[in-house]
Amino acid sequence: MKRKPIPQKVRRRVYEKYGGRCAYCGQPIAYTCNHYKHTLTIEQFREEIGRLTARLRERSYIYRLALRHGCIKESRKPVRFYFEREAER
């Protein structure tokens with residue numbers, strides 16, 4: 001089922017609500033950065049983000065090399081978006 005586009009007015013309110021930060025990752029943005037989320041639901045997006053380290057491990061030699069040498073560490077923490085962390089404050 002194709003989702004309806006979010007009206008510009010609603011996008012602006014969300015942008016202002018989170019102080020010019022992406023509601024998902026919390027990074028400062030010019031206007032919107034959820035291109036990767038696209039039309040996924042919140043839970044589908046959460047699952048997609050949760051699979052990223054496994055994909056990187058499978059497909060990227062540089063990632064595996066950095067992991068092997070301790071340059072990066074993987075986390076098993078559940079995916080929590082910026083708007084969820086903000087709601088808990």
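## Overall shape

For a compact globule of 89 residues, one would look for a radius of gyration near 12 Å, yet the chain comes in at 16 Å. Do keep in mind as you read on that this is a predicted model. The C-alpha trace covers about 45 × 35 × 25 Å along its principal axes.

The fold is helical: the chain has five helices and zero strands, so in order from the N terminus the pattern is described as α-α-α-α-α because helices are DSSP runs numbered from that end.

## Surface, burial and charge

Buried residues account for 19% of the 89 residues. As for contacts between residues at least 6 apart in sequence, 38% of them join residues at least 24 apart.

The charge count is 23 positive and 9 negative side chains. The centres of these two sets lie 4 Å apart.

## Around Cys22

Is Cys22 buried or exposed? With a relative accessible area of 4%, Cys22 is buried, because the cut-off for that label is under 20%.

Beyond its neighbours within four places in sequence, Cys22 touches Gln27, Ile29, Cys33 and Tyr82. Asn34 lies twelve residues from Cys22 along the chain, and the C-alpha atoms of the two are separated by 7.5 Å.

## Aromatic pairs

How many aromatic pairs does a search of the whole structure find? The search gives six. One of these pairs is Tyr24 with Phe83, arranged edge-to-face, with 5.8 Å centre to centre and 90° between the planes. Tyr24 belongs to the loop between H1 and H2 while Phe83 belongs to helix H5 (residues 82-87), so their pairing ties together parts 59 residues apart in sequence. Tyr24 counts as buried at 18% relative accessibility, whereas Phe83, at 22%, counts as partly exposed.

Phe45 and Phe81 make a stacked pair, with 5.3 Å centre to centre and 5° between the planes. Because Phe45 lies in helix H2 and Phe81 in the loop between helix H4 (61-68) and H5, this pair ties together parts that are 36 residues apart in sequence. Phe45 is buried at 7% relative accessibility, and Phe81 is buried too, at 4%. Ring pairs join Tyr24, Phe45, Phe81 and Phe83 into a cluster.

Terms used: Residues numbered from 1 in each chain as written. Predicted model: local features only at pLDDT ≥ 70, side-chain atom pairs only at ≥ 80, totals over all residues. Heavy atoms only, no water. Helix = DSSP H or I, 4+ residues; strand = E, 2+ residues; numbered from the N terminus. Rg over C-alpha atoms; globule rule 2.2 N^0.38 Å. Buried < 20%, exposed > 50% of the residue type's maximum accessible area, 1.4 Å probe, protein only. Contact = heavy atoms within 4.5 Å. Lys, Arg positive; Asp, Glu negative; His and termini not counted. Charge placed at Lys NZ, Arg CZ, Asp CG, Glu CD. Phe/Tyr/Trp six-rings, centres within 6.5 Å; stacked < 30°, edge-to-face > 60°.
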